[in-house]
Amino acid sequence: MQWKGNTTSDRPRLGFQAVVLRHLILLTAVPVLVMAGAGVWYYGNLLEKAAEEQLTSSASHVRDQLDNHLDVHMHAVSIAAFGVRHAIRLGGRDALITWLEQIQRSYPGFLTMLIADRDGAVITATRRGRGALLADDPGRRLATVRDREYFQSPMATGKPFISSVFRGRGLGSDMIVAISSPYLDESGQVAGIVEGSIDITRIPLTPEHGPFRPAVAAHDRAGAVVFASAAAPAEWDRLRESLGAGTPGVVRRLTALPDPQFAVSMPLRNGNWTVTATQPLDAVERRSRTFYLYASAFLGLGLIVVGRAASAIARRVAQPIVDIAAQMRHYEVGADFSASPADESATAEIWHIQHELNRLGVRLRESYDGLRSALRERDDANKQLESLLHNLDLKVAERTAELAASQARFALAVSGSNDGIWDWNVQTGQVYYSSRWKGSLGLPPDTDLHDLSSWLALAHPQDAGRLDAELRAYASAGKDLFQIEYRLRHADGSWRWMLCRGAAQRDEEGMALRIAGSQSDMTANKLADPLTGLGNRLAILEGLQTLISQSIENPSCGYAVLLVGLNRFKLINDTLGHANGDRLLVDVAHRLGAALSRSPEARGQIGRIGGDEFAILLESPAPDVVDAIVEAVQAEVGQPFHPSGSPIMLTVSMGIAHWRPGYRLAEQVLRDADTAMYNAKTRGVAMAAFDDDMRASALRRLEIENTLRPGLERGEFIVYYQPQVSLQTGRLFGMEALVRWRHPVRGMIPPMEFIPVAEETGLIQPLGRWILREACAQLARWRSLPGAGELKVSVNLSGRQLAEHDLPGVVRQILDETGLPGSSLHLEVTESVVAEDPAAALAILNALAAMEIGLEVDDFGTGYSSLSQLHRMPFQTLKIDRAFIQAIHTQSDGIKLVNSILMLAHTLGMHVVAEGIETADDVLQLAFMGCELAQGYYFSPPLDPARMQALLEGRAALPPLPFATQSELLALGAQHPEIAAAVDIHALGLMTR
């Protein structure tokens, strides 16, 4: 408080009570006013935000409903287009109508659907509830759609299309939308379109509700109002024009309109449609004004209460102070307050003030005496400190000498090491890099590298983020050692692999204060194959990525990747041992190098990218160079190998991928080369070059792999049965169970497409068990038919099934469940399956034979089994592959070859079944040579269960044999001297029984 003078006659400008009152009012009323104003402002903003959020939510809700509905029907049209090609192939126009009706039953939102060819002519059309629309049907809308937007757009772009809204003639609505999608022919070209019409007015569009009632409308690309929850279409057009080209999804205030509005516009994903939502500004401001009125009333009442309360508090607080001031004026001039006695007549507060002043003087005197004593103690402590500092100087000098010696030893160790040293001060961010660290990257010692960002700038783009994250994670974590492998850019532009290690100095909380460590170049070890010394997969990928980058900058710089895979290498490893297998791989690596050196003009790199796979990376190769290297590889690898002393012949499958403009990543090129190599192995050729057909085949294979298990779970597979006929009696002997896949989209898929995939994925085991159970159950039911009690059913066993140790138990369980005797079941096994592990196969086959199950060698002559193995196995039947039957007509020694197989089988006491019998001459020749059983299209193709049952019940019949008696067979055989010359005496004995 400021006074005018120092005399007792001076007075303050304001009384103490008034001052207290003023401050109380300022301390209470002003914050109340500020908070009230802030609350009013906040509530107004809150109302606007709530209105904007509800506006956005309603527009988004309507947009999502429209998007979802159009998505569903666009998806349905795409499905319909996908199935058109199969429907045309299966049944023509009737199949197309059935297909469209099926789509309309699944998606009842379509009013009509049509299919048009590439000229716009309508092939067929359907209407919900009426089926197909014929050409003379008055309900049919048009005969050509050439001039329609929904025909022109998908034909031009090859993509689905959603039209603007139009009036549907004869459909009873002004809001019709056409959704169309192109379909492809067998060559993959656009062959026409599939179109479906939907009524937009039947879509249940409902904006979300809330405290406000926004109006929502949807417009198509032509500006027509598709849906409106309120207001007239003209008003919606004005609102949409006012929004203009504003940012979609952002709420705007349209104050230039006669009725100011909040408005927002959102585009749909499908088509150039928009959804617009609006809310009058007055609806929001009306709530704000109501709040302002109530807030003002409560604020005025509060200020009155605050004023009266402040006045009462001021009087209560100020009065005792006024009394104290009056009492202290008695001691103001020359009074020894500390020694004056307390006035017993004064108020308690004043008496206590006087008493405490006296006590304060006593404490001041005591404090002065204590201070003097403390000064004396300080002087003594200073003398002791000087002595300690002198001793400390001596120790510092001693330790400094020791530190200098240690630093010298450390510098000597660092200079003798190949590692670069780094030291990161985490607190300051500075990083020290040694000359060796910089030199490992080809950088001069004076290169300006001073912080972590300089380090990260040199790191590979794929490794920089990981290096930064792991360094900072180590700085905050309590790990003992930091270690990372990553790539840094060398001054020559190449990437070097580095091994970086470090340790941290941490504070009491475990946070790193500094991290120091070393870094060494490990490129040679990182990119080398330890067995062959060639580059590994990583080295090939890095070299290939460099060539890809060069070709992107300069398209004239081409490249090619030749992938070389060793055939049957696993068998060599299993028979000769892994040590000999490794020696073989090293020898192959040397021979590939020799093959590459045969072409001096070839610039390439060889690497081992897998167990038995090698890659040759060629830079800018000419076509004749590639051909020469392929021939050289075949010539080098075709020479005998001697890993264990005995010669071994080895074959390879090669796949090549040439430069393409679309390649961006090395993995893509290597993947396509691998696809080509797999194609070469599958086709049994030495080399295949990648093309688009291989990619399509790989995609089809992937599609089969992805849908195989769901198809098995959904019951999409069916077992067909091909009859086996006795060539002596002409009667039905049995049947072979053959699986087929009824795909819901692709139709019937033959086994040659999905069986190899099932083998690779392991699904052949559940599929094989299902086929075995289904065939046994079906034959058990047929055995009750007259004359069917002795029939046999043959089921193929895969290699994976034969490798199951519990296969006999599985077969026994299936026979028990179906009630089929073991003698009625034959199991077919290929030679190659037995050759993989003869000992294990013999144990399984003996267990099956003990159950009286018939065992057959399938596709004899196409595998790798030896006669000794065949003689040891408990086979009762041998099946001649269809290729040998065809050789009878195409090769001069074909008859002798088939007769030799028959002689071998009969010598071993085995029956023979010939596959692929297609003509009467086939039947005559095989019967004359003594073959007992035959199956093929001459007798019958594979039959579904219904047609096979008709054959068993006599409602269908097999074709008769081309001879009636054995004597007639002998007479017919005499007309073919080439057959008679090949038939042995044993066969004639069988023939004349």
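Author: Two strands pair if DSSP finds at least two bridges between them. This is a predicted model.

Reader: What makes β18 and β21 a pair?

Author: Strand β18 (residues 559-566) and strand β21 (residues 652-658) are joined over 7 bridges. The cut-off is at least two bridges, so they count as paired. Their sense is antiparallel.

Reader: Which strands form the open sheet, and in what order?

Author: The order is β19-β20-β18-β21-β22, 5 strands with mixed pairing. β19 (604-608) and β22 (687-689) are the edge strands.

Reader: Why are β19 and β22 called edge strands?

Author: Each pairs on one side only. Neighbouring strands of this sheet are turned by 15° on average, direction ignored.

Reader: What packs on the sheet?

Author: Helix α13 (residues 623-637) does, touching β18, β20 (613-619), β21 and β22. Contact here means heavy atoms within 4.5 Å. The direction of α13 makes about 165° with that of β21.

Reader: How do you know that the span of α8 is close to the expected one?

Author: Helix α8 (residues 461-476) has 16 residues. At 1.5 Å a residue, 22 Å is expected from first C-alpha to last; the model gives 24 Å.

Reader: Which residues of α8 are buried?

Author: Asp 463, Ala 464, Leu 467, Leu 471, Tyr 474 and Ala 475 are. Buried means under 20% relative accessible area.

Reader: What puts these residues on the same side of α8?

Author: They cover an arc of only 110° around the axis, so they lie on the same side of α8. Their cover includes β13 (420-425), α7 (452-458) and β15 (482-489). Exposed Gln 462 and Gly 465 sit on the face turned away from the buried side.

How values were computed. Residues numbered from 1 in each chain as written. Predicted model: local features only at pLDDT ≥ 70, side-chain atom pairs only at ≥ 80, totals over all residues. Heavy atoms only, no water. Helix = DSSP H or I, 4+ residues; strand = E, 2+ residues; numbered from the N terminus. Axes fitted to C-alpha atoms, helices over the stretch in contact; angles between N-to-C directions. Expected span 1.5 Å × (residues − 1). Buried < 20%, exposed > 50% of the residue type's maximum accessible area, 1.4 Å probe, protein only. Arc of directions from axis to C-beta.
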